[in-house]
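Hi everyone, thanks for making time this morning. I'd like to walk you through one model, so let me put it on the screen.

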Amino acid sequence: MAQKFVLKTVLDFAAAHTLQGYPGDCSKLHGHNWKIEVQIVGSQLNEIGMVVDFKEIKRHAKEVIKELDHTYLNDHPHFTQINPTAENIAAFLYRQIAERISDERVAMHSITVWENDRNCVIYSEDE
Ligand SMILES: Nc1nc2c(c(=O)[nH]1)N=C([C@H](O)[C@H](O)COP(=O)(O)OP(=O)(O)OP(=O)(O)O)CN2
Ligand SMILES: [Zn+2]
């Protein structure tokens, strides 16, 4: 049986957005306290028994999230042509964090973006 470890760390940020074309209140300016779950996968442990230090995952994720924190998301270059929905934010974070953290031992597993306590999107990519 092949072993696999999935590590999860949780971060958050505050940001406003509007959803263009949305048939309801979300097309108006409003904000969320977004909760982000970053999940990393690996099968090998290092000499001190870790896939990767949680602090390392958090450091990379914070670097990306800093771009979005306390902003109007629609102004971000990535969201000028596409709506900053939870789906598009999840895909953006996944790719940005993957670029920073992936190596021969560690890969992105998924990103979960919580818009509020009730609704979230889980994003992942096939290998
Ligand atoms: N699939 C998606 N659906 C919706 C998204 C999204 O990103 N992806 N986003 C929104 C709005 O951003 C909206 O702000 C959601 O907040 P809210 O209306 O509070 O959401 P609830 O459904 O939990 O609110 P109720 O009070 O239960 O209606 C909308 N949809
Ligand atoms: Zn919203």
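The sheet here is open and has 5 strands, in the order 3-1-2-4-5, with mixed pairing. Strand 3, residues 71-72, and strand 5 sit at the edges with a single partner strand each, so each has one side without a neighbour in the sheet. Please keep in mind as we go that this is a predicted model.

Let me place that sheet in the chain as a whole. We have 2 helices and 5 strands, and reading from the N terminus the elements go β-β-α-β-α-β-β. If you draw a box along the principal axes, the C-alpha atoms fill roughly 50 × 25 × 25 Å.

Strand 1, residues 5-17, pairs with strand 3 in the parallel sense, over 2 bridges. If you want a residue to look at, find Ala-16, which is opposite Tyr-72 of strand 3.

On to the next pair. How many bridges join strand 1 to strand 2? There are 13, and the two strands run antiparallel. You can follow that pairing on screen from Phe-5, whose bridge partner in strand 2 is Gly-42, to His-17, which is partnered by His-30.

Strand 4, residues 106-114, and strand 5, residues 120-123, are paired antiparallel through 4 bridges. They make a hairpin, with 5 residues between the two strands. Within this pair, Ile-111 has Tyr-123 of strand 5 as its bridge partner.

So much for the sheet; what about the helices? Helix 1 lies across strand 1 and strand 2, and its direction is at about 25° to strand 1. Helix 2 packs on the sheet too, where it touches strand 2, strand 4 and strand 5, and it makes an angle of about 155° with the direction of strand 4.

The two helices also pack with each other. At what angle do helix 1, residues 54-65, and helix 2, residues 86-101, pack? The angle is about 130°, and the axes are 9 Å apart. An angle like that falls between the roughly perpendicular and the roughly antiparallel ranges, which end at 115 and begin over 145 degrees, so the helices count as oblique to each other. The crossing of helix 1 past helix 2 is right-handed. From helix 1, the contact uses Ile-57, His-60, Ala-61, Glu-63 and Val-64, and from helix 2 it uses Leu-93, Gln-96, Ile-97, Arg-100 and Ile-101. Sorted by class, the residues of this contact are 6 nonpolar, 2 polar and 2 charged.

Last stop, the ligand. Which residues surround ligand 1? They are Leu-19, Cys-26, His-30, Thr-85, Ala-86, Glu-87, Glu-115, Asn-116, Arg-118 and Asn-119. There is His-30 again, the strand 2 residue we saw bridged to His-17.

Technical notes: Residues numbered from 1 in each chain as written. Chains lettered and ligands numbered in written order. Predicted model: local features only at pLDDT ≥ 70, side-chain atom pairs only at ≥ 80, totals over all residues. Near = placed C-beta within 6 Å. Axes fitted to C-alpha atoms, helices over the stretch in contact; angles between N-to-C directions. Parallel < 35°, antiparallel > 145°, perpendicular 65-115°, else oblique. Left-handed = near helix turned anticlockwise from the far one by under 90°. Contact = placed C-beta atoms within 7 Å. Nonpolar A, V, L, I, M, F, W, Y, C, P; charged D, E, K, R; others polar. Pairing = 2+ DSSP bridges.
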